[in-house]
Amino acid sequence: MEGRLGRGSRGALALAQAHFEKGEHAEAEALYSAYIRRCARAAPAGATPGSTCSPKDLATAYNNRGQIKYLRVDFYEAMDDYTSAIEVQADFEVPYYNRGLILYRLGCFDDALEDFKKVLDLNPGFQDAILSLKQTVLDKEEKQRRNIEKNC
């Protein structure tokens, strides 16, 4: 079973990515969701979802579906997908970065900092994460400064 799922999965993910790149987000999301469901059904009872699927492919499917949700401003659903990607493959830095961006936008600076730091633990050369971490620190300090001024 793993072989059959594995061979078709790369093609399904490539097709989903092709739709995404063409701006056909509904089609891409449906393909990512179908792949995720297949992986969940293929997992034996009590096993971690994705145990019969490539963790990298499953994490990519969750991450990319999360990106589609992010683009339509479904931030909490997107964060759920990013978190699922992390649960499947904890050393995949991209979903940490993506979740950190949403947390930053929501003003959850401490949580965003944790995610950006994790990205840099996994990939110290991730330039966007370096910049995002610096900006988050600055904005957190500015928010704290404004709150102090309001209390005067």
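Buried means under 20% relative accessible area, exposed means over 50%, and partly exposed is in between (1.4 Å probe, protein chains only). Keep in mind that this is a predicted model, where local features need pLDDT of at least 70, side-chain atom pairs count only at pLDDT 80 or more, and totals for chains, interfaces and linings use all residues. Residues are numbered from 1 along each chain as its sequence is written, and side-chain values use heavy atoms, leaving out hydrogens and water.

**Helix H5**
- Helices here are DSSP runs (H or I, at least four residues), numbered from the N terminus.
- H5 covers residues 93-105, and its end C-alpha atoms sit 19 Å apart, which agrees with the 18 Å that its 13 residues should span at 1.5 Å a residue (1.5 Å times one less than the number of residues).
- Its buried residues include Tyr 96, Tyr 97 and Gly 100.

**Phe 116**
- You'll find Phe 116 in helix H6 (residues 109-122), and it's buried, at 0% relative accessible area.
- Beyond neighbours within four places in sequence, its contacts (heavy atoms within 4.5 Å) include Tyr 97, Gly 100 and Leu 133.

**Salt bridges**
- A salt bridge is a side-chain nitrogen of Lys or Arg within 4 Å of a carboxyl oxygen of Asp or Glu, and the count comes to eight.
- Glu 77, partly exposed at 40%, pairs with Arg 72 at 4.0 Å, N to O.
- Asp 110 and Lys 140 have their closest N and O atoms 2.5 Å apart; Asp 110 lies in H6 and Lys 140 in H7 (residues 127-150), so the pair ties together parts 30 residues apart in sequence.

Conventions
Helix = DSSP H or I, 4+ residues; strand = E, 2+ residues; numbered from the N terminus.
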